[in-house]
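Subject: Structure handover

Hi,

Here is the structure I promised to pass on. Have a look at it first, and then read on for what turned up.

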Amino acid sequence: MQASQIEIVPFGPDHLEAAVALSRQAGWPHRTEDWQLALALSDGMVAVEGGRVVGTVLVTPYKEDCATINMVIVDETMRGGGLGRKLMDAALLAAGDRPLRLVATTAGLPLYQKLGFHETGTVAQHQGLAGDIAAPAQTQAATDADLPAIAALDRRAFGADREGLLSYFARIGEFAVIRRDGRVSGFACLRPFGRGEVIGPVVAADLDEARKLIEHFIARRPGRFLRVDTTAETGLSPWLAEQGLAHVGGGITMKKPFVHHAADPAITTFALASQALG
């Protein structure tokens with residue numbers, strides 16, 4: 001059946017089980033809880049053929065600053081018939097006038113390029129059983145009072161207001177911070193995801209500070225399954241591999257158009273929250 005005969009409808013609670021099955025078919029580690037998190041923050045749509053869910057897409061808005069497109073999945077029996085384009089058209093409509101970001105697979109790259117997305121970099125996914133290391137002295141657990149400072153740092157690094165996302169992460173996970181002169185200068189988040197837990201986002205002023213923040217959680221999870229998504233530009237990949245988190249793949253970061261709210265070059269987002277959702 002052609003994609004033109006498929007209906008695109010809002011993502012409802014009755015679609016959740018089928019969405020989890022689609023992500024497993026694609027080889028993605030998302031649990032039901034991971035889908036629920038993404039849906040709580042996003043506008044979701046599914047492609048339905050004869051009552052069967054054959055595709056998904058989520059649009060996660062960050063106020064009016066930008067939106068990310070996540071969880072673009074097409075059932076393997078439906079690929080090549082234009083369904084991916086139909087899902088993306090629905091996502092673009094839902095996003096409105098916001099600048100857009102996504103992380104593409106190699107297979108999805110041609111479609112996104114046709115839709116006006118531009119490559120901006122690459123994501124390196126690292127995961128594995130954490131090594132046994134000493135906890136750094138410079139980090140400490142964040143408190144609720146630190147959340148406004150964390151959100152402000154993240155806004156500078158990401159170029160958009162993700163306060164809602166960070167508040168959700170604080171409810172299901174935990175944050176660590178580094179302070180300079182009594183003020184929060186960097187942070188990292190740890191939350192349940194997939195086979196274990198994911199560390200990210202990580203926002204830091206320099207590479208050493210980023211390592212310390214990641215070490216904060218590795219030291220507290222020896223032998224546990226952890227994931228960190230980073231970029232080639234940070235130079236963290238070799239060090240992460242030394243900590244037992246092997247490079248297992250990744251994706252291509254893209255924007256449409258380039259985001260008007262530019263990130264602060266003095267601070268770096270070492271782990272991408274967009275990838276953490278999808």
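Let's start with a helix pair: L16, A19, V20 and S23 in α1 meet T32, W35, Q36 and L39 in α2. Contact here means heavy atoms within 4.5 Å, and helices (H or I, at least four residues) and strands (E, at least two) are DSSP runs, numbered from the N terminus. Sorted by class, that α1–α2 contact has five nonpolar, three polar and no charged residues. For the classes, Ala, Val, Leu, Ile, Met, Phe, Trp, Tyr, Cys and Pro count as nonpolar, Asp, Glu, Lys and Arg as charged, and the others, Gly among them, as polar.

Before going further, a word on what you are looking at: this is a predicted model, where local features need pLDDT of at least 70 and side-chain atom pairs count only at pLDDT 80 or more, while totals for chains, interfaces and linings use all residues. Residues are numbered from 1 along each chain as its sequence is written, and side-chain values use heavy atoms, with hydrogens and water left out.

Back to the helices. The axes of α1 (residues 16–25) and α2 come within 10 Å and cross at roughly 115°. Axes are lines fitted to C-alpha atoms, for helices over the stretch in contact, and angles run from 0 to 180 degrees between N-to-C directions. α1 and α2 are therefore roughly perpendicular to each other (angles under 35 degrees count as roughly parallel, over 145 as roughly antiparallel, 65 to 115 as roughly perpendicular and the rest as oblique). Their crossing is right-handed, meaning that the near helix is turned clockwise from the far one by less than a right angle.

Helix α2 (residues 32–41) also packs with α6, at an angle of about 150° and with the axes 10 Å apart. On the α2 side, Q36, L37, A40 and L41 meet G164, L165, Y168, F169 and I172 in α6. That contact has seven nonpolar, two polar and no charged residues.

What else does α6 pack with? α5 (residues 147–158) and α6 (residues 163–172) pack at about 135°, with their axes 10 Å apart. That makes α5 oblique to α6. Here L147, I150, A151 and D154 in α5 meet E163, L166 and A170 in α6, a set of five nonpolar, no polar and two charged residues.

Next, the largest pocket, with a volume of about 1000 Å³. A pocket is an open set of points on a 1 Å grid over the protein atoms alone where a 1.4 Å probe fits, with protein on both sides within 12 Å along at least five of seven lines, and lining residues have an atom within 4 Å of a point. Grid points are joined across faces, edges and corners, and the volume is the space filled by probe spheres set on the points. Of the 43 lining residues, W28, V72, A104, T105 and Y112 are the closest to the centre. β4 gives the largest share of the lining, six residues. By class, the lining has 19 nonpolar, 18 polar and six charged residues.

M71, in strand β4, has a positive phi of about 55° although it is not a glycine. K63, in the loop between β3 (52–62) and β4, is not a glycine either and has a positive phi of about 50°. A cis peptide bond joins G200 and P201, with omega about 5°, and P201 is found in strand β10 (residues 196–204).

Cheers
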